Amino acid sequence: MSSALAGYLARRVGQAVLVLWAAFTVTFAILYLLPSDPVAVMLGGGQGEQVDVDPAQLAALRAEHGLDDPLPVQYAAALWRTLHLDLGTSISNGAPVTRLIADALPQTALLAAAAFALALVLGVATALASTWARWGWVRSLLLALPPLGVSLPTFWVGLLLIQLLSFRVPVFPALGNEGAASLVLPAVTLAVPVSASIAQVLARGLRTALAEPYVETARAKGASRARVHLRHALRNATIPALTIAGVIVGNLLAGAVVVETVFSRVGIGRLTVSAVNGQDIPLVQGLVLLAAAVFVATNLVVDLLYPVVDPRIRLLGGARASARRTARATARPVVGSTS
Amino acid sequence: MRTRTPLLAVPALLALFTAAACGGGGDEPGSAAGDGTPVRGGDLRFAISVDSGCIDPQQVGNNDALNVGRQLVDSLTVQSPEDGSIQPWLAQSWEVSPDATTFTFRLRPGATFSDGTPVDAAAVKANLDGIVALGAKASLGSTYLAGYAGTTTPDAQTAVVAFERPSAQFLQATSTMSLGLVSTSTTTADPAARCDGSALVGSGPFTVGSYTKDSEVVLERRTGYDWGPTGSKHTGEAYLDTITYQVVPESSVRTGSLVSQQIDATAGIASQDLPQFDGNGFWTQRRANPGIPYNFFPNESRPLFSDERVRRALSAAIDREQLAAILNPGDVAVTSALSASTPSAPDDADLLAHDPDAAAQLLDEAGWVPGADGIRTRDGQRLTFTVTFWQPVSAVLELVQQQLREVGVDLQLKQATVAETNAVQESGDYDVLFYNLTRSDPDVLRTVFAQSARNVTQRPRGPVDDALDQQAATLDAAQRSQLVAQASQQLLQEAHSIPLVELSTVIAAREEVHDLQFEGSSRLWFYDAWIQA
């Protein structure tokens, strides 16, 4: 690794720390501004049963969680803990937040990976098919699919799939995390909106790329239709699709909340729902930090990938891209396309 | 607005339904299939809707977790679901001092916790001391032990529990899972380890097999169990090998899973989905939750509801028969400040009659006259108030809203999260609170209404407080019932309590599931349950 790259990475990690700190602070402020009392919510078991606990005992429990300290003291204590990678303990059941997250994370990672793989295949296939198709009506039909996929509520898609493929025709289980079969319906549900965004951005990128002069040149030199599509246009169209990777990760995380609830799966989404409902402050903060870290990491990886996909893009000030490669690709980069 | 089975409006039928529904232990409709001889073995998959992250019965407060915890622990006594009487379980017999401050329990010999240690007087003491030490974490148990002075153990089988002041409710409290006994190793364990089941050892008919948060709790049959409660249908070990509680948060998925038999039973079917499980290879059984029914609690520290006439008008404007008809099939109108399944609950139906004319007259007298839009006003102020709620009974509240509008009262409804609703309660900034409270002892009236306790309506001390405080110190059942009846009557006459509708728990199950029953507090009891092969 060159020293320039090391410096770049150090700068990015510094920025990441800043983002995480900001996320932590904003969450802290919002949670503590809420008027309700997390301890009272916890005593109702998250279902809001009425409890008539002795006020002195209630105060003791608040003190145990440090909720009676002045706000700056609480903030400093929480920040200090977090710096030592200790996210505290859940208010609702006393378990360490890191353990709760570690228990739930693998299931969500598996779901997200399966959904992403599916979405990538579906999205790329739809985009390629929509530009490949010679008939106008097929093209319009395929181009109409992504907006439809984006606008279908995940909740509804999930319930529809369960209804059809689990309750009516018992092909897949409706509940739980056990076995590959239980992953199919949730992954499909989660893949629908994600594949739609990929298809939308990629199709636009492909259309733009196919109108570029270098495609004419390639055709004139006798390149086949497939080669023009896959080798020349797709590579350039990938850049805008890459830029929405952060959005896709966001979609996957947000979608997990709904999908895991509908399919009764364990995971970060479910954990988030119960943490927010129970106003479990340490757990919510742990989850926000996790989400922020995932975003930061994704964006860093994407930025590092740009020069691999498009040698004209340089991370560093220095002239790293070779002149030969620059000469080959004469088109202007299509970065900046929006989804 | 949905309306429901018109037949149920016929009073005679209502009475029949109540009798059948409160019968508890179950000749459920489905048991006609098969020859009715219990079969051992099998796994019963039961869907619950919420996982609060804790299955320790001494710490939890929500119904789903209590339904899990109930199977893990035994209690000193058991409350009959039929008549509310307190009967022997781990305690063979007991005596209560005449002033209701000292309770002497004699334990049955031979019962053990699943770690092999005996259920003895020392364990009783460790448990009660432990619950007091848990403090607010034992949200139910610690209130049952208010005024606890200590436990002494004259011998290994005798535990003497003393209170600083009379506590007649304690005997019923010993029948709840909240005061269910765990081994001494558990009483000294970290509360979090008790919650996740890793250090949770009881003497109950089932033990913790595994617990995965947000997913499932698996309970395993305790081998060698032979101390089931009085009133059980069999002796010895439970019939089921395992119970799997599957956490299914989405209501329509619970319904579909039961229809497609991916689960065997649940108590979480939405009322509009219940009719499809009546027959068709399924059975349903309902029982009203004892305690305080869904209630409006007027804030009497505010000018609007310090006026008794306004409170009474509100109560008279509500048609409770109509409210009962829109929730679960078989629900009946509430008849007192207590739910009818509460022991000693009186019948004050006449005080809760629907009388819109009387309501209008009371409001006229109080100076609230109909305004241009039909809503009454006084000194330019509209007769309006807001109820914040999270409970899944918006249909009921919307109907109340219509009924109140007919007499010129504007009820604003605000559906919120549990946290928001709590915040409103704590702020004290409300006109009316809305909630229910499950407890199978009439003392719940005192804990909610008495000036010396929560005093939810923030009213000044009155004659009703004498009745409420006296019943807490009265052991004689007849005398106590009379005091409870007196208190309920006074609470209703002056409309401190405005009951709306009873909450009931409904089990829906495949017809192969037998003898899954309600216990005295309308929580579930799996000891006698079995599955037809």
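Start with Arg302(B), which forms a salt bridge with Asp429(B), the closest N and O atoms lying 2.5 Å apart. By salt bridge I mean a side-chain nitrogen of Lys or Arg within 4 Å of a carboxyl oxygen of Asp or Glu. Arg302(B) sits in the loop between strand S13 (291-298) and helix H9 (303-306) of chain B, and Asp429(B) in the loop between helix H14 (418-427) and strand S19 (432-438) of chain B, so the pair ties together parts 127 residues apart in sequence. Helices (H or I, at least four residues) and strands (E, at least two) are DSSP runs, numbered from the N terminus. Arg302(B) is partly exposed, at 25% relative accessible area. Asp429(B) counts as exposed, at 52%. The cut-offs: buried is under 20% relative accessible area, exposed over 50%, partly exposed in between (1.4 Å probe, protein chains only).

A word on the source. This is a predicted model: local features need pLDDT of at least 70, side-chain atom pairs count only at pLDDT 80 or more, and totals for chains, interfaces and linings use all residues. Residues are numbered from 1 along each chain as its sequence is written, chains are lettered from A and ligands numbered from 1 in the order in which they are written, and side-chain values use heavy atoms, with hydrogens and water left out.

How many salt bridges does the structure hold over all chains? There are 29. One of them pairs the side chains of Glu64(A) and Lys137(B), at 2.5 Å, N to O. Glu64(A) is in helix H3 (residues 55-64) of chain A, and Lys137(B) is in the loop between H3 and helix H4 (141-144) of chain B, so this pair joins two chains. Glu64(A) is exposed, at 53%. Lys137(B) is buried, at 15%.

There is also a network: salt bridges link Arg45(B), Asp264(B), Arg510(B) and Glu512(B).

Now the cores. A nonpolar core is a set of buried Ala, Val, Leu, Ile, Met, Phe, Trp, Tyr and Cys residues joined through side-chain atoms within 4.5 Å. The largest has 70 residues. Phe46(B), Phe170(B), Tyr245(B), Leu516(B) and Phe526(B) have the most contacts inside it. Helix H3 (residues 121-134) of chain B gives the most to this core: six residues. Apart from it lies another core, of 50 residues, including Val228(A), Ala233(A), Ala47(B) and Leu258(B).

Last, Phe170(B). Leaving aside neighbours within four places in sequence, its contacts (heavy atoms within 4.5 Å) include Phe103(B), Leu128(B), Tyr144(B) and Leu179(B).
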